[in-house]
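Here are my notes from going through the model, point by point. Have the viewer open while you read.

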There are 2 protein chains.
Amino acid sequence: MPMPEPLSLETFLPYRLAVTASFVSRGLSAVYERRFGLSIAEWRILANLGHYGALTAGAIATHSTLDKPKVTRALQRLHARRLVSRKMGRKDRREVTVTLTATGERIYCDIAALALAWEAQLLATLSISERAALLRTLARLEVGAQVLKQAGDAQND
Amino acid sequence: MPMPEPLSLETFLPYRLAVTASFVSRGLSAVYERRFGLSIAEWRILANLGHYGALTAGAIATHSTLDKPKVTRALQRLHARRLVSRKMGRKDRREVTVTLTATGERIYCDIAALALAWEAQLLATLSISERAALLRTLARLEVGAQVLKQAGDAQND
DNA sequence: GGAGGATAGTTTCATTTGAAATGAAATCAA
DNA sequence: TTGATTTCATTTCAAATGAAACTATCCTCC
């Protein structure tokens, strides 16, 4: 006797979320990869610096959910292209505070405009309330996933 | 004069989607990685085979949005563990048709049960209609992103 | 003050990745 | 049939990845 089919991929949320995020991410990155030669990590860092202003490398890693080596390497490339400047922390000299250069700021603004236009097209079929609901739901899932993960990890130690 | 700040990462959908998907994906994978020693790619393949039945390697790649080398390698590992069996296509002998073995089926069912339980916990804070709305919205975004990407690629050729 | 321990960022190195090349088989065209 | 073209899966190889080790600095407590 075949088991009842319990897991339908079409409606299994972790799967749908991963697939959608992958499509959206690749669609958007096509916009800036080709034109500006930036990786996803590099663009995320520019976006965080553009949005929050000067940040330490660690703060970038936290905000962007990139791991530390990725941040270090992306910053090296961005620095080589003179899109960011680095300054040793004056109080804590282990810290590196990173800022957008004028060129970096310009590129950030250019990409931000393109990214927002792309997002607007993507969201065109959703109503305002649907967009709001989506963001609210995503935020809740993010918190929920973190809580569940911690609970699971704690159980296995 | 500073430019008006247009791009807020807190509400920029591609970013939020990527972050949420990453948290959810890692949270869930913790459930089966440790207990069953399966990578995300391996589990996705099991899930597709369990759901759709026998598939060719190419069909798996399409359904799972994994690239072809990843599918090949994951199948090699699954085959070495005797969780899947491979059979040369009878009509087209380049094709490889992959099926779950009895062991594979059993592991798939075990993980499916765990995955569904995990999903249920994750979704506990959402109402039925919120869940439905989320799935509907994700599906629309997936299509939209594909269409936009094709439009963008066409422009740059 | 200095020993022990945390913390910020970098580097190392074994593993993973995926774009492109390859091989093998099918299909099309002449 | 033969030659050119396409398609399926695998392999290759240069590049990316990330866990763990490392360096430099800071902090704490005796």
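1. What radius of gyration does chain A have, against that of a compact globule of 157 residues? Keep in mind that this is a predicted model. The globule would come out near 15 Å, whereas chain A has 19 Å. As for burial, 31% of the 157 residues of chain A count as buried.

2. On to the fold of chain A. There are six helices and three strands, and from the N terminus the order reads α-α-β-α-α-β-β-α-α. If you care about how local the contacts are, take those in chain A with a separation of 6 or more: 49% of them are between residues 24 or more positions apart.

3. Now the sheet in chain A. The three strands form an open sheet in the order 1-3-2, and the pairing is antiparallel. Strand 1 (55-56) and strand 2 (84-88) sit at the edges, each pairing on one side only. Strand 1 of chain A is held to strand 3 (residues 96-100) by two bridges, and Thr56(A) has Thr97(A) as its bridge partner there. Strand 2 of chain A is joined to strand 3 by five bridges; one pair to click on is Ser85(A) with Thr99(A).

4. Chain B has strand pairing to look at as well. Strand 1 (residues 55-56) of chain B runs antiparallel to strand 3 (residues 96-100) of chain B, with two bridges between them. Thr56(B) is opposite Thr97(B) in that pairing. Strand 2 (residues 84-88) of chain B also pairs with strand 3 of chain B in the antiparallel sense, over five bridges, and here Arg86(B) faces Val98(B).

5. In soluble globular proteins, nonpolar side chains tend to be buried together. The core here has 74 residues, and the members that touch the most others are Val24(A), Ile45(A), Leu46(A), Ile45(B) and Leu46(B). For a close-up, pick Leu46(B): leaving out residues up to four places away in sequence, Leu46(B) touches Leu83(B), Gly104(B), Ile107(B) and Tyr108(B).

6. Helix 4 of chain A provides the largest share, four residues. The class count for the surface near DNA strand C is five nonpolar, three polar and eight charged residues.

7. Finally, DNA strand D. Which residues are the closest to DNA strand D? They are Arg93(A), Thr56(B), Gly58(B), Lys68(B) and Thr72(B), out of 16 residues that surround DNA strand D. The helices that each give at least two residues to this surface are helix 4 (68-80) of chain A plus helix 3 (57-64) and helix 4 (68-80) of chain B. Here the largest share, four residues, belongs to helix 4 of chain B. Five nonpolar, three polar and eight charged residues make up the surface near DNA strand D.

Note on methods
Residues are numbered from 1 along each chain as its sequence is written. Chains are lettered from A and ligands numbered from 1 in the order in which they are written. This is a predicted model: local features need pLDDT of at least 70, side-chain atom pairs count only at pLDDT 80 or more; totals for chains, interfaces and linings use all residues. Two strands pair if DSSP finds at least two bridges between them. A residue is near a molecule or strand if its C-beta atom, placed from the backbone, lies within 6 Å of it. Ala, Val, Leu, Ile, Met, Phe, Trp, Tyr, Cys and Pro count as nonpolar, Asp, Glu, Lys and Arg as charged, and the others, Gly among them, as polar. The radius of gyration is taken over C-alpha atoms; the globule rule is 2.2 Å times the number of residues to the power 0.38. A residue is buried if 20 or more other C-beta atoms lie within 10 Å of its own, exposed if 12 or fewer, and partly exposed in between; C-beta atoms are placed from the backbone. Two residues are in contact if their C-beta atoms, placed from the backbone, lie within 7 Å. A nonpolar core is a set of buried Ala, Val, Leu, Ile, Met, Phe, Trp, Tyr and Cys residues joined through C-beta atoms within 7 Å.
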